[in-house]
Amino acid sequence: MPWGGGRRGTRLTEGLADPGLRIVPALAGHIPALAPRVRAIDAAECRAMGRSAAGALRHGLVASAWCWTALVDGQPEAMFGLVVESVVPSVGVPWFLGSDAVWRHGRALVTIGPQVLATMHDSSALLANLVSADNFRAIRLLRRWGFAIAPEVITVGGMGFHRFASHRNQQENA
């Protein structure tokens, strides 16, 4: 299954103390509800990469080995996943696009982080991508999840980005 329907993929919300947040396999039907409501900084990141929010969500859903939707009170409020860029070497590109509503469940997002990363690291030893230098909430969450954030700023599409990365061995030793 493209969304990562393995045992870990279906248990991401087990033990969450937040009944308003559920993580489910991502569906194309989630995109029309979510795309117009992604945070402004997420939409700006998408534009810098040459896509609309809807286009980035569609690409993420189709290209991802693992793809989930965060439902808040039954509404799609975020979509995230992992695009496996290369099997040898084992490199994956994690991504996350969400609305303001999902960020009101920050504690739950921090809680599921280790499970999400373990699932992603099952298929990719190195997880790496870019995050806007102005996306302070995402940078804080990435750090809490154990990602290293490079201090250098690179420009893509007129926007400043930091590289972030996590290696499987880092997570195992954390």
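This report describes the fold, the packing and the pockets of a single predicted chain.

**Basis and confidence**

The structure is a predicted model, in which local features need pLDDT of at least 70 and side-chain atom pairs count only at pLDDT 80 or more, while totals for chains, interfaces and linings use all residues. Residues are numbered from 1 along each chain as its sequence is written, and side-chain values use heavy atoms, with hydrogens and water left out.

The mean pLDDT of the chain is 88, and 87% of its residues reach 70 or more; pLDDT is the predictor's confidence in each residue, from 0 to 100. Over residues 1–10, pLDDT stays under 50, and the model has 23 contacts beyond four places in sequence for this stretch. Contact here means heavy atoms within 4.5 Å. Where pLDDT is low, the predicted coordinates should not be read in detail.

**Overall architecture**

The chain has eight helices and eight strands. Helices (H or I, at least four residues) and strands (E, at least two) are DSSP runs, numbered from the N terminus. Of the 174 residues in the chain, 52% are buried. Buried means under 20% relative accessible area, exposed over 50% and partly exposed in between, with a 1.4 Å probe and protein chains only. Among the contacts with a separation of 6 or more, 66% are between residues 24 or more positions apart.

**Helices α3 and α4**

Helix α3 (40–48) is mostly covered, since seven of its nine residues are buried. These are Ile41, Asp42, Ala43, Ala44, Glu45, Cys46 and Ala48. They pack against α4, β4, β5, β7 (154–156) and β8. Just after α3, glycine 50 takes a positive phi of about 90°.

In α4, the buried residues are Ala53, Gly55, Ala56, Leu57, Gly60 and Leu61. Their packing partners are α2 (31–34), α3, β2 (66–72), β3 and β4. Alanine 56, with a relative accessible area of 14%, is buried. Leaving out residues up to four places away in sequence, alanine 56 touches Cys46, Arg51 and Leu97. The C-alpha atoms of alanine 56 and leucine 97 are separated by 8.7 Å, although the two residues are 41 residues apart along the chain.

**Individual positions**

Alanine 101 belongs to helix α5 (residues 100–103) and counts as buried at 14% relative accessibility. Apart from neighbours within four places in sequence, alanine 101 is in contact with Val72 and Glu77. Its C-alpha atom is separated by 9.2 Å from that of arginine 39, 62 residues apart along the chain.

Aspartate 73 sits in the loop between β2 and β3. This residue has a positive phi of about 50° although it is not a glycine, and aspartate 73 is exposed, with a relative accessible area of 65%.

A search of the whole structure finds zero disulfides, a disulfide being a pair of cysteine sulfur atoms within 2.5 Å.

**Pockets**

Pockets were located on a 1 Å grid over the protein atoms alone: a pocket is an open set of points with protein on both sides within 12 Å along at least five of seven lines, where a 1.4 Å probe is used, and lining residues have an atom within 4 Å of a point. Grid points are joined across faces, edges and corners, and a volume is the space filled by probe spheres set on the points.

| Pocket | Volume |
|---|---|
| Largest pocket | about 690 Å³ |
| Second largest pocket | about 160 Å³ |

The largest pocket is lined by 33 residues, and Pro94, Trp95, Phe96, Asn129 and Leu130 lie nearest its centre. Elements giving two or more residues to this lining include α4 (53–63), β3 (75–86), α6 (106–123) and β8 (159–167). The most comes from β4, with five residues. By class, the lining of the largest pocket divides into 23 nonpolar, five polar and five charged residues. Ala, Val, Leu, Ile, Met, Phe, Trp, Tyr, Cys and Pro count as nonpolar, Asp, Glu, Lys and Arg as charged, and the others, Gly among them, as polar.

The second largest pocket is lined by Trp103, Gly106, Leu109, Val110, Arg137, Arg140, Leu141 and Arg144. The elements that give two or more residues to this lining are α6 and α7, and α7 gives the most, with four residues. The lining of the second largest pocket has four nonpolar, one polar and three charged residues.
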